[in-house]
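Have the sequence and the model side by side. We will walk through the fold strand by strand, then look at single residues.

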Amino acid sequence: MGEGCWRLCDPALHESDPRRLVAFVECAEDHVTVLWLRDTHADTRFDTLEDALAVADSLLAPRARRAVRAQRPVPIPHFPPRAR
């Protein structure tokens, strides 16, 4: 977006999905400010960018696991039992 300012996106969602945008992150001289766009009670001010990204990762990781579980199971071929 500009120098010291980024968009934080959820890579699990398609680029055309508006929910893909999670937050705006702005780095100042002594702190990092995060404007969360999802309903969250996470902090908005961090000491480092790494701290902010760790919180974002912890918020997105459970969602990513749910997305994987929501997929259809892989079909397993069935073979009838052998005749004796």
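Which residue in S3 is the bridge partner of Glu26? It is Thr33. Before going further, some ground rules. This is a predicted model, where local features need pLDDT of at least 70, side-chain atom pairs count only at pLDDT 80 or more, and totals for chains, interfaces and linings use all residues. Residues are numbered from 1 along each chain as its sequence is written, and side-chain values use heavy atoms, with hydrogens and water left out.

Start with the sheet. Strands are DSSP runs of E with at least two residues, and helices are runs of H or I with at least four; both are numbered from the N terminus. Two strands count as paired if DSSP finds at least two bridges between them. Here, four strands make an open sheet with antiparallel pairing, in the order S1-S2-S3-S4. Strand S1 (5-9) and strand S4 (45-46) each have a single partner strand, so one side of each lacks a neighbour in the sheet. These two strands are the edges.

Now follow the pairings. S1 runs antiparallel to strand S2 (residues 21-27), and five bridges join them. Arg7 has Phe24 in S2 as its bridge partner. Cys9 stands opposite Leu21 in S2. Next comes strand S3 (residues 32-36). S2 and S3 also pair in the antiparallel sense, over five bridges. A hairpin of four residues leads from S2 to S3.

Go back to the loop between S1 and S2, where Asp17 lies. Is Asp17 buried or exposed? Buried means under 20% relative accessible area, exposed means over 50%, and partly exposed falls in between (1.4 Å probe, protein chains only). Asp17 has a relative accessible area of 17%, so it is buried. Its side chain makes a polar contact with the side chain of Arg19, at 2.7 Å. A polar contact is a pair of N or O atoms within 3.5 Å; within protein, one must be able to donate a hydrogen and the other to accept it, and residues adjacent in sequence count only if both atoms are side-chain atoms.

Finish at helix H1 (residues 49-69), where Leu49 is found. Leu49 has a relative accessible area of 26%, so it is partly exposed. Beyond its neighbours within four places in sequence, Leu49 is in contact (heavy atoms within 4.5 Å) with Trp6, Val25, Cys27 and Val32. Leu49 and Val32 are 17 residues apart in sequence, and their C-alpha atoms are 6.1 Å apart in space.
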